[in-house]
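Q: Please take a close look at one part of this model for me. I'd like to know how it sits among its surroundings, with the cut-offs spelled out.

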Amino acid sequence: MPGTPPLGAVWLSRSIGSEILAEAKSRAPLETGGILMGYYTVPQNGTRNLVISDLIGPGPGAVHRRLTFEPDSEWQTHRVAGIYARSGRTSKYLGDWHTHPQGHPIPSTRDKNTLELISRYEPARCPEPIMLIAGNPLGSAKWELRAFNLQCSTSLTQTRTASLPLYFSD
Ligand SMILES: [Zn+2]
């Protein structure tokens, strides 16, 4: 999107952060995840921020495995539509979140490909999706949340992601 200021940071309420970690811990050692909804702030000083206002979980029909998970897409689609309507069409699809129950919160090759696919998927209407990963490296009791988006690159063969600053609000 030429002329659109780049993303500066991602904002998240503490309660949404806690919800992600509670779901992550309850499913570990299996993966889980869902959808992020929210809005962009008005550009300031050449950047825009993203505010995550609503969280959607995996859904009752999701399949959880150790290294992958398949969401209940039909259930999620209904939830997305409901939140969008109730918010007065301000809370929109921003991207996905998922867990790495036994790994660092860093996008895998598969994750990068997923981001690339979402950015090209017309119905999602989200040309610059973000991905939030909750990671729990082996031997660590502490989960870590990190946000990523696609990075414009001169290389056409490799998808690159960039880490975005993640801030918590009350
Ligand atoms: Zn992943």
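**From an exposed loop to a helix face**

A: R89 is exposed, with 8 other C-beta atoms within 10 Å. Here, exposed stands for 12 or fewer such neighbours, buried for 20 or more, and partly exposed for anything in between, with C-beta atoms placed from the backbone. This is a predicted model, in which local features need pLDDT of at least 70 and side-chain atom pairs count only at pLDDT 80 or more, while totals for chains, interfaces and linings use all residues. Residues are numbered from 1 along each chain as its sequence is written.

R89 sits in the loop between α2 (73-86) and β6; helices (H or I, at least four residues) and strands (E, at least two) are DSSP runs numbered from the N terminus.

Now to the part I'd pick, helix α1, residues 14-27. Its 14 residues reach 20 Å from first C-alpha to last, close to the 20 Å expected at 1.5 Å a residue, where the expectation is 1.5 Å times one less than the number of residues. I16, I20 and A24 are its buried residues. Down the axis of α1 they fall within an arc of 75°, so they line one face of the helix; the arc is taken over directions from the helix axis to the C-beta atoms. R14, S15, S18, A22 and S26, on the other side, are exposed.

The buried face packs against β1 (7-13), β3 (48-56), β6 (92-100), β7 (130-135) and β8 (144-151), with contact defined as C-beta atoms, placed from the backbone, within 7 Å.

Note on methods:
Contact = placed C-beta atoms within 7 Å.
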